[in-house]
Amino acid sequence: MTSAFVLGASAASANELREYALEFFKPLPSTVPAVQDNKITEEKIELGKALFFDPRLSASGVFSCYSCHNLTTGGDDNMETSVGHGWQKGPRNSPTVLNAVFNAAQFWDGRADDLKAQAKGPIQAGVEMANTPDNVVATLSSMGQYVEWFEESFPDEDEPVTFDNMAKAIEAFEATLLTPAPFDSWLNGDDDALSAEELAGLELFMDKGCIACHSGINIGGEDYYPFGLIEKPGSDILPEGDRGRFAVTDTVDDEYVFRAGPLRNIALTAPYFHSGKVWDLKVAVQIMAESQLGEDLSDDEANKIVAFLGSLTGEIPEVTLPVLPTETMTTPRPVAEIMQH
């Protein structure tokens, strides 16, 4: 495709641009998507919301899912790498939880197939929440309100308070965190949803080849690609010690391969890349163009692409803070040590 859609383009050419864009992108659905092996119900969503905000899922009683996935700051923590148990720094930048249900897999290396698998990881990671499944179940079982909520959410189970069900409830809540954006309105036919500069940026985004990795409903997150396909960035951006998906597959071809970052709300989620080393979106766009496409973008081109990416900033769903159950005498006490598995 050539850049035929210029400022003041005709209605016909504007429709052609939309038709072309719809070959690569899909608007967000208007309802909560179904997830595999986990029927989503209102009871499960409300339980999952409580668990998402509850720091008692961590051994220290300090860190919750919300600690690294702050819904007021784009669904991440706006830090290079997250801080966890004992104020340790994790190895990678925290991805946004917003719209994460549409990613093909979770984490930068895709080691979790879905959100319920992802929910279990940080809770057990020594550098994050440093807890154990048994201690989590003991904690939740010690509070009658949680037991009641689990019974309502999993009515067909004899022992509903389990580590697996905790993860399923968190997944159900996270599946509701969708952020419809101006780009969705435009894909759905609203010609006025995007500005001329945003449309020009969309053209460039497609023409330059960004869509090779960043397409689909989440504008990325669907597959894995080498970081530095044409030219590897410096070790300050691509740390040599983090070999990406290689750690999951132990396959040489997967060295420095990562899941393509989903770009919805990207303007809110600096710093960028798995290393969290780049704080400016325009710089991140230029790095991607050079390293993945061999393109040296002009300032004007980069500005237009950044403008388009701004149209992916969506409306954050309104979330009412839950009132969490109160501890009892049998609730495990916070500890500073990492729980031993």
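Which residues of H2 are buried?

1. In H2, the buried residues are Lys44, Ile45, Leu47, Gly48, Lys49, Ala50, Leu51, Phe52 and Phe53, where buried means under 20% relative accessible area, exposed over 50% and partly exposed in between, with a 1.4 Å probe and protein chains only. That makes 9 of its 12 residues, and the helix is mostly covered. Helices (H or I, at least four residues) and strands (E, at least two) are DSSP runs numbered from the N terminus.

2. This is a predicted model, in which local features need pLDDT of at least 70 and side-chain atom pairs count only at pLDDT 80 or more, while totals for chains, interfaces and linings use all residues. Residues are numbered from 1 along each chain as its sequence is written, and side-chain values use heavy atoms, with hydrogens and water left out.

3. The geometry of helix H2 (residues 42–53) agrees with expectation, because its 12 residues at 1.5 Å a residue should span 16 Å and its end C-alpha atoms are 17 Å apart; the expected span is 1.5 Å times one less than the number of residues. The buried residues of H2 pack against helix H3 (65–68), helix H5 (133–141), helix H6 (144–153) and helix H7 (163–174), contact being defined as heavy atoms within 4.5 Å.

4. A search of the whole structure finds 14 aromatic pairs; rings of Phe, Tyr and Trp (its six-membered ring) pair if their centres lie within 6.5 Å, and planes under 30 degrees apart count as stacked, over 60 as edge-to-face and the rest as tilted. One of these is formed by Phe52 and Tyr66, whose ring centres are 6.3 Å apart with planes at 70°, so the pair is edge-to-face. Since Phe52 lies in helix H2 and Tyr66 in helix H3, this pair ties together parts that are 14 residues apart in sequence. Phe52 is buried, with a relative accessible area of 0%, whereas Tyr66 is partly exposed, at 22%. The rings of Phe53 and Tyr66 have their centres 4.7 Å apart and their planes at 35°, so that pair is tilted. Phe53 itself counts as buried, at 11% relative accessibility.

5. The largest nonpolar core holds 38 residues, of which Phe25, Phe183, Trp186, Leu202, Phe205, Phe273 and Leu309 touch the most other members; such a core is a set of buried Ala, Val, Leu, Ile, Met, Phe, Trp, Tyr and Cys residues joined through side-chain atoms within 4.5 Å. Two or more residues each come from helix H1 (11–21), helix H8 (182–187), helix H9 (196–207), helix H11 (281–293) and helix H12 (299–310), with H11 giving the most, 5 residues. Apart from this core lies another, of 30 residues, among them Leu47, Phe53, Leu71 and Ala169.

6. Trp186 deserves a separate look. Leaving aside neighbours within four places in sequence, its contacts include Ala14, Leu17, Arg18, Asp191 and Leu202. Trp186 also belongs to an aromatic cluster with Phe25, Phe183, Phe205 and Phe308. Arg18 lies over the face of Trp186, at 4.8 Å from the ring centre, and the charged end of Arg245 sits over the ring of Tyr224, 4.0 Å from its centre; the criterion is NZ of Lys or CZ of Arg within 6 Å of the ring centre and within 35 degrees of the ring normal.

7. The protein chain has 12 helices and 2 strands. Its radius of gyration is 21 Å, close to the 20 Å that the globule rule gives for 341 residues, so the chain is as compact as a globular protein of that length; the radius is taken over C-alpha atoms, and the rule is 2.2 Å times the number of residues to the power 0.38. Of the 341 residues, 51% count as buried.

8. A cis peptide bond, with omega about 5°, joins Ala270 and Pro271, and Pro271 is found in the loop between strand E2 (257–259) and H11. Trp87, although not a glycine, has a positive phi of about 60° and is exposed, with a relative accessible area of 62%. Phe107, also not a glycine, has a positive phi of about 75°, but is buried, at 15%. Most residues other than glycine have a negative phi, and most peptide bonds are trans.
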